[in-house]
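Have the structure open while you read.

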Amino acid sequence: MNKAYLLTGGNLGNRELNLSLALDHITESCGKVTKQSSVYETAAWGPVSQPAYLNQVLEIETPLSPADLMQQLLKIEKHLGRHREERYGARTIDIDILFFNNLTLDEDDLIIPHPRLYTRRFVLVPLNEIAPRLVHPILQLTINELLIKCSDPLDVKKYIASDAAE
């Protein structure tokens with residue numbers, strides 16, 4: 001069984017529901033979710049005239065290969081209304097593979113570990129919550145060390161659900 005860390009996030013529609021549906025679909029088609037971070041809210045990365053994102057990190061056990069896992073995640077994104085039109089554009093859901101075992105992979109359509117995870121607080125904060133001692137296989141630093149060194153100025157805060165509909 002393989003261990004993978006995934007980042008789910010989105011800033012369009014009912015953000016909480018979209019994260020929940022992504023979690024359900026990942027469980028159904030990719031493997032068992034063994035840990036999940038709190039949900040965090042962060043200002044948009046890239047074009048700043050977008051709504052804030054909700055993000056969550058999941059640890060899963062999966063029988064799938066990295067390529068097969070990526071294909072399942074792309075199917076889930078499409079099923080949940082993801083349209084890839086603009087880099088860093090607003091989206092209903094985005095699901096990234098952050099780590100897969102201790103693997104390093106650099107292919108045209110899949111890079112593991114995620115190539116920019118160490119530069120983004122919205123990835124490192126929830127990942128640090130569930131795997132602070134996980135070591136980045138290329139940088140040879142723990143997630144906690146990467147978070148301490150991260151210069152990303154965006155505020156990442158735990159999300160508190162409101163009773164009001166979005």
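## Asn 11 and its partners

The side chain of Asn 11 comes within 3.0 Å of the backbone oxygen of Pro 51. Asn 11 also makes a side chain to side chain polar contact with Gln 50, at 2.9 Å (a polar contact is a pair of N or O atoms within 3.5 Å; within protein, one must be able to donate a hydrogen and the other to accept it, and residues adjacent in sequence count only if both atoms are side-chain atoms).

Where does Asn 11 sit? You'll find Asn 11 in the loop between β1 (2–10) and α1 (15–29); helices (H or I, at least four residues) and strands (E, at least two) are DSSP runs, numbered from the N terminus. Asn 11 counts as buried because its relative accessibility is 3%, where buried means under 20% relative accessible area (1.4 Å probe, protein chains only).

## How to read the model

This is a predicted model: local features need pLDDT of at least 70, side-chain atom pairs count only at pLDDT 80 or more, and totals for chains, interfaces and linings use all residues. Residues are numbered from 1 along each chain as its sequence is written, and side-chain values use heavy atoms, with hydrogens and water left out.

## Neighbours further along the chain

Skip the neighbours within four places in sequence, and Asn 11 is in contact with Gln 50, Pro 51, Ala 52, Tyr 53, Ala 90 and Arg 91. Contact here means heavy atoms within 4.5 Å.

Definitions and conventions
Buried < 20%, exposed > 50% of the residue type's maximum accessible area, 1.4 Å probe, protein only.
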